[in-house]
Amino acid sequence: MPIYNITLKEGASPDQLSKAKDDAKNQGGEVKHEFTLIKGFTVEFPHDHVTTLETNEHIHVEQDAQVKTQ
């Protein structure tokens, strides 16, 4: 399953972060890492279910990818 970076938009509350994690878990995702400097987490999530996360207006969803400098 692909891994997605989930970050909350500016002004989102800690309750909205908890709800986003719960929603991801309830849809078959597994939280892999929780960020401490920003409101967000990474989740391993079935590719065909990611649209359920994208409908949450308080979060930004981005598929994790390798970044290279050259």
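## P2 and the sheet beside it

P2 touches V43, E44, F45, H47 and Q63, leaving aside residues up to four places away in sequence. This is a predicted model. P2 sits in the segment before β1 (3-8). Along the chain, P2 and E44 are 42 residues apart, yet their C-alpha atoms are separated by 5.7 Å.

Four strands make an open sheet, and their order is β2-β3-β1-β4. The pairing is antiparallel. β2 and β4 (59-63) stand at the edges. Each has a single partner strand, so one side of each lacks a neighbour in the sheet. On average, neighbouring strands of this sheet are turned by 25° against each other, direction ignored.

Look at one pair of strands. β2 and β3 run antiparallel, and four bridges join them. E30 has E44, in β3, as its bridge partner. E44 is also one of the residues that P2 touches.

Helix α1 (residues 14-26) lies across β1, β2, β3 and β4. Helix α1 runs at about 0° to β3.

How confident is the prediction? The protein averages a pLDDT of 86. Of the residues, 94% score at least 70. The table gives the elements with the lowest and highest mean pLDDT.

| Element | Residues | Mean pLDDT |
|---|---|---|
| Helix α2 | residues 50-54 | 69 (lowest) |
| Strand β2 | residues 30-34 | 95 (highest) |

Methods: Residues are numbered from 1 along each chain as its sequence is written. This is a predicted model: local features need pLDDT of at least 70, side-chain atom pairs count only at pLDDT 80 or more; totals for chains, interfaces and linings use all residues. Side-chain values use heavy atoms; hydrogens and water are left out. pLDDT is the predictor's confidence in each residue, from 0 to 100. Helices (H or I, at least four residues) and strands (E, at least two) are DSSP runs, numbered from the N terminus. Contact means heavy atoms within 4.5 Å. Two strands pair if DSSP finds at least two bridges between them. Axes are lines fitted to C-alpha atoms, for helices over the stretch in contact, and angles run from 0 to 180 degrees between N-to-C directions.
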